[in-house]
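This report covers a single protein model with a ligand. It is meant to be read alongside the sequence and the coordinates.

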Amino acid sequence: MSTIAPDANLPAVYKKKTIQNFRQKKERGEPIAMLTGYDYPTALALDRVGIDAILVGDSLGMVVLGYENTVPVTMEEMLHHCRAVARGARSPLLIGDMPFMSYQVSVEMAVSNAGRFLQEGGMHAVKLEGGRERLDTIRAIISGGIPVMGHLGLTPQSIHALGGYHPQGRTTAAARRILEDALFLEEAGCFSLVLESVPARLAEFISKRISIPTIGIGAGSGCDGQVLVVHDMLGFFDRFTPKFVKKYADLHGEMQRAFGEYISDVVARRYPSREHTVEIPEKEWQLFLGEIAVDKHK
Ligand code: KIV
């Protein structure tokens, strides 16, 4: 198995990406490309194509662990996957998603859990859901030296309060509240914020109104960057795919094809064939048989 050696003269895609690069990209009008990632091989692949950031999202609860929603995801589960991603990715900005109840109980607990993402998970920043109600928490985490990404619009950890995965901000009052929250998060010091499942015109308006980059998911093309759940865009997860997802591959179909072919090969004894088989030299084999025969007669 190969490992990537550290190299000072790396090509541009391998230069370490930072929250400052996020800001610079917005200033230059260059879109930011972010994807979720939950494991080592995916992190390696994302690193090698020069992704700006990997979000170890709590969506892993649904697409990797098979939970109904993101509510059951624990800190330990998040950290386990963060470490795997950090081992595979050296260039992208790595953002750990704070799971449900890891930052809502108290500010102290939130700061301590955010710190674990950096100390134990190898992340560079954390993301958490919510607006005005989270400002004290966000300020405390940032004052601990931990960059925070906000998350507004459809906030999946509030699935039971929201009554389902519905688009948000579709009334005057709701749109105004999201805009106000975006301004609050900017003022509190978030380096960026995710806008999930909000009308494209609202997302574009907010993106122009605030100085920090917005990362959209189901929020149209007017955001400063985009993020998708990697299992959705790879067609790896066949339970449900939101309307806003563009499928770039059908890995679930490809997995089923490969598994089916393997089963047929095993049943028909086509696998393993000679090329997949280890041989013992004929001379050694005959000696072995001779020794066994002698042992039998002892
Ligand atoms: O958990 C996640 O993957 C997310 C993205 C959808 C932004 O929060």
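The model is predicted, so local features need pLDDT of at least 70 and side-chain atom pairs count only at pLDDT 80 or more, while totals for chains, interfaces and linings use all residues. Residues are numbered from 1 along each chain as its sequence is written, and side-chain values use heavy atoms, with hydrogens and water left out.

**Ligand site**

Which residues are found around the ligand? They are T36, L55, G57, D58, S59, D97, K127, H151, V194, E196, I217 and V229, where a residue counts if one of its heavy atoms lies within 4 Å of the molecule.

| Side chain | Distance to a ligand oxygen atom |
|---|---|
| S59 | 2.5 Å |
| D97 | 3.1 Å |
| K127 | 3.0 Å |

Taken alone, the ligand exposes 260 Å², and the protein buries 96% of that area. Accessible areas come from the Shrake-Rupley method with a 1.4 Å probe; for residues, only the protein chains shown count as cover.

Helices (H or I, at least four residues) and strands (E, at least two) are DSSP runs, numbered from the N terminus. Buried means under 20% relative accessible area, exposed means over 50%, and partly exposed is in between (1.4 Å probe, protein chains only). Strand 3 is largely enclosed by the rest of the structure, because five of its five residues are buried. On one side these are L93, I95 and D97, and on the other L94 and G96, so that both faces are covered.

Strand 2 (residues 53-56) runs parallel to strand 3 and is joined to it by four bridges. In this pairing A53 stands opposite L93. Strand 4 (residues 125-127) is also parallel to strand 3, with three bridges. Here D97 stands opposite K127; D97 and K127 are both among the residues around the ligand.

S91 is in the loop between helix 4 (75-88) and strand 3 (93-97). S91 counts as buried because its relative accessibility is 0%. Its side chain reaches the backbone oxygen of K15 at 3.0 Å.

**Backbone geometry**

M101 is not a glycine, yet has a positive phi of about 75 degrees. M101 lies in the loop between strand 3 and helix 5 (107-119), and at 39% relative accessibility it is partly exposed. S197, also not a glycine, has a positive phi of about 50 degrees. The loop that holds S197 lies between strand 6 (192-196) and helix 9 (200-209). With 10% relative accessibility, S197 is buried.

Y271 and P272 are joined by a cis peptide bond, with omega about -5 degrees. P272 belongs to the loop between helix 11 and helix 12 (282-296).

**Salt bridges**

Side chains of opposite charge can pair when their charged atoms come close. A salt bridge here is a side-chain nitrogen of Lys or Arg within 4 Å of a carboxyl oxygen of Asp or Glu, and the count comes to 16. One of them joins E76 and R116 at 3.0 Å, N to O. This pair links distant parts of the chain, with E76 in helix 4 and R116 in helix 5, 40 residues apart. E76 is partly exposed at 46%.

R28 and E30 meet at 3.4 Å, N to O. R28 is exposed at 53% relative accessibility, whereas E30 is partly exposed at 31%. In the salt bridge between E279 and R274 the N to O distance is 3.8 Å. E279 is exposed at 55%, and R274 is exposed at 69%. R132, R176, E180 and D181 are linked in a network of salt bridges.

**Surface patch**

Y262, I263, V266, V267 and Y271 form a nonpolar patch on the surface, with about 510 Å² of accessible area together. Patches are made of residues with over 30% relative accessible area and no salt bridge; like charges are joined within 9 Å, and nonpolar side chains (Val, Leu, Ile, Met, Phe, Trp, Tyr) within 5 Å. Y262 is in helix 11 (residues 251-267) and is partly exposed, at 49% relative accessibility.

How values were computed
A polar contact is a pair of N or O atoms within 3.5 Å; within protein, one must be able to donate a hydrogen and the other to accept it, and residues adjacent in sequence count only if both atoms are side-chain atoms. Two strands pair if DSSP finds at least two bridges between them.
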